[in-house]
Amino acid sequence: MMDLKDLYQEVIVDHNRSPRNFRAMADATRSLEGFNPLCGDRLTLYVKMDGERVSDISFSGSGCAISTASASLMTDAMKGKSREEAEKIFKSFHGMLTDSAPPADPAAFGKLAVLAGVREYPSRIKCATLCWHTLHALIDGANAPVSTE
Ligand code: ZN
């Protein structure tokens, strides 16, 4: 179990050090800001939609290691997904961090499972879910910036 935790930690450090899809997108279909006042995480999420499908997704901004790694992993996971699939992944990821019981099969979450350990640190859950709430609102058509508070 310890080895798995170390591996997860390594993946988070790597995604924080060199976040994937970390760039502003000039030709985004939509963009939305998200803010977590508890920690000071601030990001802008960009999506390019091809009909119902996320053809490209990126983010910019600054935040702690957890929020940056989460946005990096999320953007990787969402590329090419339909609106419906994206919503499904959002719901299961949110459940992974906030359900009263830990996930029975963390492996089912693929790379996103590295963030499952965050559930043991309630004050950091909003860091991990900030980009997800922002994406949820963005796909929903919201225009107001998202705040976790
Ligand atoms: Zn944070």
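Along the sequence, the donor residues of the zinc ion follow the spacing C-x1-D-x22-C-x62-C. The model you are looking at is predicted, so to speak of local features a pLDDT of at least 70 is needed, side-chain atom pairs count only at pLDDT 80 or more, and totals for chains, interfaces and linings use all residues. Residues are numbered from 1 along each chain as its sequence is written, and side-chain values use heavy atoms, with hydrogens and water left out.

Let us stay with the metal for a moment. The zinc ion is coordinated by C39 (SG), D41 (OD), D41 (OD), C64 (SG) and C127 (SG), at 2.2 to 2.6 Å. Donors here are N, O and S atoms within 2.8 Å of the metal (3.2 Å for Na, K and Ca), and water is not among the atoms, so sites may look incomplete. Helices (H or I, at least four residues) and strands (E, at least two) are DSSP runs, numbered from the N terminus. D41 and C64 are both buried, a word that stands for under 20% relative accessible area, with exposed meaning over 50% and partly exposed in between (1.4 Å probe, protein chains only).

Searching the whole structure turns up one cavity of 30 Å³ or more, and the largest cavity has a volume of about 60 Å³. Its lining consists of F22, D41, R42, L43, F59, G61, S62, G63, S67, T68, A71 and L130. Strand 2, strand 3 and helix 2 are the elements that give two or more residues to this lining. By class, the lining of the largest cavity holds five nonpolar, five polar and two charged residues. The classes are simple: Ala, Val, Leu, Ile, Met, Phe, Trp, Tyr, Cys and Pro count as nonpolar, Asp, Glu, Lys and Arg as charged, and the others, Gly among them, as polar.

How are such spaces found? Rolling a probe the size of a water molecule over the atoms shows where empty space is left. On a 1 Å grid over the protein atoms alone, a cavity is a set of points where a 1.4 Å probe fits but cannot get out, while a pocket is an open set with protein on both sides within 12 Å along at least five of seven lines; lining residues have an atom within 4 Å of a point. Grid points are joined across faces, edges and corners, and a volume is the space filled by probe spheres set on the points.

The largest pocket has a volume of about 560 Å³. It is lined by 21 residues, of which K5, Y8, A116, G117 and V118 are the closest to its centre. Helix 1 gives the most, with seven residues. The lining of the largest pocket divides into 14 nonpolar, two polar and five charged residues.

Now follow the chain to the loop between helix 3 (83-98) and helix 4, where you will find L115. L115 counts as buried because its relative accessibility is 0%. Leaving out residues up to four places away in sequence, L115 touches I12, S70, L73, F93, M96 and L97, where contact means heavy atoms within 4.5 Å. A113 is in the loop between helix 3 and helix 4, and is buried at 3% relative accessibility. Beyond its neighbours within four places in sequence, A113 is in contact with Y8, M96 and P106.

Strand 3 (residues 53-62) is our next stop, as the place of S58. S58 is buried, at 0% relative accessibility. A polar atom of the S58 side chain lies 2.9 Å from the backbone oxygen of R23. Among the residues that S58 touches, not counting those up to four places away in sequence, are N21, R23 and Y46.

N21 deserves a look of its own, in the loop between helix 1 and strand 1 (30-36). Most residues other than glycine have a negative phi. N21 has a positive phi of about 60 degrees, although it is not a glycine. N21 is buried, with a relative accessible area of 12%.

Finally, turn to D140 in helix 4 (residues 125-140). D140 is exposed, with a relative accessible area of 58%. The C-alpha atoms of D140 and R83 are separated by 9.2 Å, with the two residues 57 apart along the chain.

Methods
Polar contact = N/O pair within 3.5 Å; in protein donor to acceptor, adjacent residues only side chain to side chain.
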